[in-house]
Amino acid sequence: MSGLFISLEGVEGCGKSTQAELLAQWLEERGHAVERAREPGGTPVGEAIRNILLDPENSAMVPRAELLLYEAARAQHVAERIRPALERGAIVVCDRFTDSTTAYQGAGRGLGREVIEELHAVAAEGLKPDLTVLIDLPVAEGLARAARVKARDRIEHEAAAFHERVRQAFLEGAAREPARVKIVDGFAPLEQVRDAIRAQVGPFLASRELLSNTDGMTPPA
Ligand code: Z5A
């Protein structure tokens, strides 16, 4: 595959959606074909599953059913949109991917990393992001920001301790895979977060010889 797969991760309200759009625009301005994606969702089947997953009425959903629904939406997303976009040579900018499942269902729900990684291999057919930007933010700030813009969904109804486990799991994932997962401080002003993401993505693209205008950025060693 000739494209590039970038995911953005973090606790709710950390600014992923805002930054995913800014990153997609920046890449397009530099002449790249960009595929915008988000999980759960991104396809008609995935959006239907998303509605089930986030509906606060579905409070009886057990953790394993939740896990399988996220993975089912992902299987459809990878097959229908992500792989074809990568095969066309596009840069896929995805708001959440497998790291979210590891954090939310693995750590948040306590299902453990092993079973989840086996399911990733099935649902995503072994596909991993080339680069992941983890926008780290204290849980209380993220939930407060999210509450200002939308009603709380089923996951956001979870207790603060659940979201703390999720945040820690994201950070542990970044520590396990420092070459792929880059941490950006989400508490900084929006423009500063944007620039910090560009400072990670620009050299990465340059190292893949994809960025024609690197503005003097040098590839990482
Ligand atoms: N989930 C899961 O459990 N397992 C999985 O495998 C996957 C997902 C894939 C999806 O919800 C839920 O599914 C999510 C994880 C779970 N859990 N919850 N809840 P979603 O897609 O509806 O929402 P989200 O992914 O959690 O994101 P969000 O709440 O929409 O927030 P965001 O995208 O991170 O942030 P934002 O919308 O860009 O910004 C939020 C507000 O903050 C907005 O007013 C911005 O203008 C403001 N903002 C952004 N950046 C800043 C800075 N730097 N300073 C100040 N204010 C800012």
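Trainee: How many helices and strands does the secondary structure of the protein chain come to?

Mentor: This is a predicted model. Along the sequence, the pattern runs β-α-β-α-α-β-α-α-β-α-α-β-α. The secondary structure comes to 8 helices and 5 strands.

Trainee: What radius of gyration does the protein chain have, and what would a compact globule have?

Mentor: The C-alpha atoms fill a box of roughly 50 × 35 × 30 Å along the principal axes. The chain has 221 residues, so a compact globule would have a radius of gyration near 17 Å. The protein chain agrees with that, at 17 Å.

Trainee: Is F170 buried or exposed?

Mentor: F170 lies in helix 7, residues 160-176. Its relative accessible area is 6%. Buried means under 20%. F170 is therefore buried.

Trainee: Which residues does F170 touch, leaving out those up to four places away in sequence?

Mentor: Residues up to four places away in sequence are not counted here. The residues that F170 touches are E9, G10, V11, R96, D99, S100, A103, Y104 and L134.

Trainee: How far apart in space are F170 and Q200?

Mentor: In sequence, F170 and Q200 are 30 residues apart. In space, take C-alpha to C-alpha. That distance is 18 Å.

Key: Residues are numbered from 1 along each chain as its sequence is written. This is a predicted model: local features need pLDDT of at least 70, side-chain atom pairs count only at pLDDT 80 or more; totals for chains, interfaces and linings use all residues. Side-chain values use heavy atoms; hydrogens and water are left out. Helices (H or I, at least four residues) and strands (E, at least two) are DSSP runs, numbered from the N terminus. The radius of gyration is taken over C-alpha atoms; the globule rule is 2.2 Å times the number of residues to the power 0.38. Buried means under 20% relative accessible area, exposed over 50%, partly exposed in between (1.4 Å probe, protein chains only). Contact means heavy atoms within 4.5 Å.
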